[in-house]
Amino acid sequence: MRSIWNGAISFGLVSIPIKLVNATENRSVSFRQIHTTDGGRIRYRKVCELEDEEIPTAEIGKAYEDADGTMIPITDEDLASLPLPTAKTIDIVAFVPADQIDPLQMDTAYYLSANGVPAAKPYTLLREALKRSKKVAVAKFALRGRERLGMLRVVGDVIAMHGLLWPDEIRQPEGVAPETEVTIRDAELDLADALMATLGEVELGSLHDDYRAAVEELIAAKAEGVELEPERGPAAAGGKVIDLMAALESSVRAAKEARGGEAEAAGGEVTELRSRKEAAKPGPKAAKTTPKETGGKKSTATSAAKKAAASPSTKSTAAKKASGAKSSTAKSTAKKSTAKKATPRKKAS
């Protein structure tokens with residue numbers, strides 16, 4: 001990867017020589033403009049409006065257009081004379097938690113590469129300090145003739161820098177949110193939750209640009225003189241008013257069917273999802289069983305419980321028999337204890 005800028009990171013009194021490398025690339029298929037009648041290439045020429053003649057690059061300069069249309073010439077020397085301390089320096093001004101950076105400010109991403117052997121030690125020091133602090137560095141730097149804001153963070157073993165828009169470059173979302181008052185029901189939220197859970201997560205590395213692949217296939221076919229059959233995409237909803245509940249239910253069903261097909265192909269299982277209300281409801285009560293019932297045989301505890309229901313005076317005896325009677329010895333012990341308890345009742349009466 002070629003560097004697009006050479007300079008240094010200013011970290012207090014520490015200076016780290018670095019190279020700036022683009023971390024992203026545009027993979028879109030680009031087109032040229034042509035004359036449709038003969039296929040000739042359409043090119044743009046830089047023409048002076050006053051002379052109506054094409055002007056060579058050496059004679060083209062810069063100017064600022066004032067509100068009244070007046071052109072104020074600005075030369076490269078004028079710009080070079082301005083004080084710009086970050087012209088060759090990425091000047092770190094603060095360390096902040098990453099969640100303090102609004103994603104709306106994120107711009108182009110770069111990799112910072114240590115420039116030379118002496119830069120390896122301070123580069124590694126800054127990288128490890130950022131890792132341990134779990135913070136990002138906010139810095140100022142100059143690129144392509146203007147001062148910019150940047151955020152430094154660690155990506156693997158590399159320090160990456162995201163260009164940031166200045167806070168006053170972020171528009172306020174006035175008039176963007178719906179102005180109509182809307183009520184969302186719990187049932188609708190439950191279905192939305194179910195749809196989100198069914199769609200689940202995705203490995204971002206597995207995503208690809210289907211449109212670009214289709215364009216490349218079209219170009220290859222055209223080059224070979226083959227006409228491709230047009231593919232019909234899903235119909236757009238347009239401005240139709242839809243039944244939200246029906247749309248959510250259909251979406252959940254479609255997502256489950258799609259995931260079911262994937263799971264069958266992979267030999268996995270599909271887990272049925274319940275709404276929040278269903279998940280909160282207690283399940284059916286389990287039937288009470290005794291150790292003997294668990295084994296599949298009728299227990300003497302069951303008959304003891306029935307006898308206890310017929311005679312109130314023997315409830316305690318039946319309870320004891322039902323809970324722990326395993327032998328005739330245990331039964332006689334229970335009867336003795338019942339007899340002892342019955343004696344004081346007669347005296348009290």
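Visitor: Where is the place of aspartate 52?
Guide: This is a predicted model. Strand 3 covers 47-48 and strand 4 covers 53-54. Aspartate 52 sits in the loop between strand 3 and strand 4.

Visitor: Is aspartate 52 buried or exposed?
Guide: Its relative accessible area is 65%. Exposed means over 50%. Therefore aspartate 52 is exposed.

Visitor: How many aromatic pairs does the count come to?
Guide: Ring centres must lie within 6.5 Å to pair. By this rule the count is one.

Visitor: Is the pair of phenylalanine 11 and phenylalanine 95 stacked or edge-to-face?
Guide: The ring centres are 5.8 Å apart, and the planes stand at 70°. Planes over 60 degrees apart count as edge-to-face. So the pair of phenylalanine 11 and phenylalanine 95 is edge-to-face.

Visitor: How many residues apart are phenylalanine 11 and phenylalanine 95?
Guide: Phenylalanine 11 belongs to strand 1 (residues 3-11). Phenylalanine 95 belongs to strand 7 (residues 89-97). The pair links distant parts of the chain, 84 residues apart.

Visitor: What relative accessible area does phenylalanine 95 have?
Guide: Phenylalanine 11 counts as partly exposed at 22%. Phenylalanine 95 is partly exposed too. Its relative accessible area is 34%.

Visitor: Which residues make the nonpolar surface patch of about 270 Å²?
Guide: Patch residues need over 30% relative accessible area. Leucine 189, in helix 3 (residues 186-199), has 35%. The patch is made by Val182, Ile184 and Leu189.

Notes: Residues are numbered from 1 along each chain as its sequence is written. This is a predicted model: local features need pLDDT of at least 70, side-chain atom pairs count only at pLDDT 80 or more; totals for chains, interfaces and linings use all residues. Side-chain values use heavy atoms; hydrogens and water are left out. Helices (H or I, at least four residues) and strands (E, at least two) are DSSP runs, numbered from the N terminus. Buried means under 20% relative accessible area, exposed over 50%, partly exposed in between (1.4 Å probe, protein chains only). Rings of Phe, Tyr and Trp (its six-membered ring) pair if their centres lie within 6.5 Å; planes under 30 degrees apart count as stacked, over 60 as edge-to-face and the rest as tilted. Patches are made of residues with over 30% relative accessible area and no salt bridge: like charges are joined within 9 Å, nonpolar side chains (Val, Leu, Ile, Met, Phe, Trp, Tyr) within 5 Å. Accessible areas come from the Shrake-Rupley method with a 1.4 Å probe; for residues, only the protein chains shown count as cover. A salt bridge is a side-chain nitrogen of Lys or Arg within 4 Å of a carboxyl oxygen of Asp or Glu.
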